[in-house]
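Morning, everyone. I have one structure to show you today. Please take a look before I start.

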Amino acid sequence: MKNITSYVQDNKQRFIDELIELLKIPSISADSAYKNDTIKTADAVAKSLTKAGCDVVEICETDGYPIIYAHKIIDKNLPTVLVYGHYDVQPPDPLDLWTSPPFEPVIKETKLHPEGAIFARGACDDKGQMYMHVKALEYMTKHGELPCNVKFMIEGEEEVGSVNLGKFVKQNQEKLANDVILISDTGMIAKDVPSITTGLRGLSYVEVEVTGPNRDLHSGLYGGAVANPINVLAKMIASLHDENNHITIPGFYDNVEELSQDERAQMAKAPFSLESYKEALDIDAVYGEKGYTTNERNSIRPTLDVNGIWGGYTGEGAKTVIASKAYAKISMRLVPNQDWENITTLFKNHFESIAPKGVTVKVTPHHGGQGYVTPIDSIGYQAASKAYEQTFGKTPIPQRSGGSIPIVSLFEQELKSKTILMGFGLDSDAIHSPNEHFGIWNYLKGIETIPYFYKYFTELS
Ligand code: BES
Ligand code: MN
Ligand code: MN
């Protein structure tokens, strides 16, 4: 692997240009208006894998967006790494908050990225991080340094729940057989503090609808005399947390695994500044469940949050009206052992039970998935750890993340292998937000580190 550092330096501009081309295509899986672009992105990813040296590249049709499957098998007796990533992106709105258009990538300097960062939707989540693997493979095949077999599975529906990928994995266990799954779709603590993500939270996402009177009413003629669905919804939502910010749904915490004092002490060793955290978000205080630190609240503890709420009149000026209906979208982040389908049922039963007379409540589940934790004594983790040591000169810190990649627990269930999450993004990269970006330093560091994972994984296997 002597040449990887110089290879990255020598090809830096091309690596950036190629990623920029990929970022120009708006592959927004949630919005059917972008169907052709999303398919076009799948084709571009497939082409890049052929160019990088895969022997087999397939565009696998599904009921939704295609899954790209590719491989290079050098010897059936050697281990196989399965790389997963996604080529779809989140919708870019609100558009007016972007400092440059989301699908016209530009390089700008930021405080944390003095070398420049690529600003575009998907730069970090996940096109940039996925493409690091394509370029790492290009290096290994070109230099005869691919030490084991590799398979790629890149999907286009991660941001909308990976429903068709779930089916694909169940139907293709043989094809996808592997010794370890490698994903770059998470983050690290800081550029000088490498970390490996050892946990992801699960998710249950629901939509609620509260219906009162059969039509919108004059808020003077009827106000005070009938249940106002928006008032009622606000009250119901407020009741879902108690004064300690504990979630009040009966049974919600039943299977939550409590970490030992020792594990919590280990976690607290990770470098973290509450002051910088608050400053980065322009808030004067943090908020959350009593008895837990900020890093615990956003990783080892389950949560319930409203993601959107609407109803009644929201246009210009004032309109006096009591709406017939009110709505909210609610997500619950779950920790390992909480079953997302069970939690969805608990939510539904509870939410219906607290509805006062005078309204009806409907709860519609959207999607969900289980949480995930991975041990740090596996060969995969050890290989990743050594890879970071090689390129960062430091041992990475294991860290559980608050985000979700629901398909990971299904991988373990169906393919019986562990997933290693080598993320190179930073929290400040603004994934899912306006002005998403990915540091060029992080992008190149990822390309440089990944080949070492293959090397050490093969050596340790
Ligand atoms: N890549 C993210 C998840 C992520 C980001 C995990 C950073 C850890 C650190 C992924 O694309 C994502 O956004 N997942 C969704 C869930 C999905 C079902 C829409 C999420 O976490 O909200
Ligand atoms: Mn992602
Ligand atoms: Mn995402």
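Let's start with Ser162. This residue is buried, at 6% relative accessible area. Buried means under 20% relative accessible area, exposed means over 50%, and partly exposed is in between, with a 1.4 Å probe and protein chains only. Ser162 also has a positive phi of about 55 degrees, although it is not a glycine. Its place is the loop between β6 (149–155) and α4 (163–171). About those labels: helices (H or I, at least four residues) and strands (E, at least two) are DSSP runs, numbered from the N terminus.

Now some ground rules. This is a predicted model, where local features need pLDDT of at least 70, side-chain atom pairs count only at pLDDT 80 or more, and totals for chains, interfaces and linings use all residues. Residues are numbered from 1 along each chain as its sequence is written, chains are lettered from A and ligands numbered from 1 in the order in which they are written, and side-chain values use heavy atoms, with hydrogens and water left out.

Back to the backbone. Asn245 has a positive phi too, about 60 degrees, and is not a glycine. Asn245 sits in the loop between α5 (229–238) and α6 (261–268). With 17% relative accessibility, Asn245 counts as buried.

Next, cis peptide bonds. One joins Asp93 and Pro94, with omega about 0 degrees. Pro94 is in the loop between β3 (80–86) and β4 (106–108). Another cis bond runs from Asp125 to Asp126, with omega near 0 degrees. Asp126 belongs to the loop between β5 (117–119) and α3 (127–142).

Keep Asp125 in mind, and on to the metals. Which residues donate to the manganese ion (ligand 3)? The protein donors are Asp125 (OD), Glu159 (OE), Glu159 (OE) and His432 (NE2), 2.1 to 2.5 Å from the ion. Donors are N, O and S atoms within 2.8 Å of the metal (3.2 Å for Na, K and Ca); water is not among the atoms, so sites may look incomplete. Asp125 bridges this manganese ion (ligand 3) and the manganese ion (ligand 2), and the two ions lie 3.6 Å apart. Glu159 lies in the loop between β6 and α4, and His432 in the loop between β17 (419–421) and β18 (437–439), so the pair ties together parts that are 273 residues apart in sequence. Glu159 is buried, at 15% relative accessibility. His432 is partly exposed, at 40%.

Now ligand 1. It is surrounded by 17 residues, and the closest are Glu158, Asp185, Arg333, Ser404 and His432. Here, near means that a heavy atom of the residue lies within 4 Å. A polar side-chain atom of Asp185 is 2.8 Å from a nitrogen atom of ligand 1. The side chain of Arg333 has an N or O atom 2.7 Å from an oxygen atom of ligand 1. The protein covers 88% of the 520 Å² of accessible area that ligand 1 has on its own. Those areas come from the Shrake-Rupley method with a 1.4 Å probe; for residues, only the protein chains shown count as cover.

Last topic: cysteines. How many disulfides are there? The count is zero, where a disulfide is a pair of cysteine sulfur atoms within 2.5 Å. Cys60 is buried, at 11% relative accessible area. For Cys148, the closest cysteine sulfur is again in Cys54, 12 Å away, too far for a bond. Cys148 is buried as well, at 0%.

Key: A polar contact is a pair of N or O atoms within 3.5 Å; within protein, one must be able to donate a hydrogen and the other to accept it, and residues adjacent in sequence count only if both atoms are side-chain atoms.
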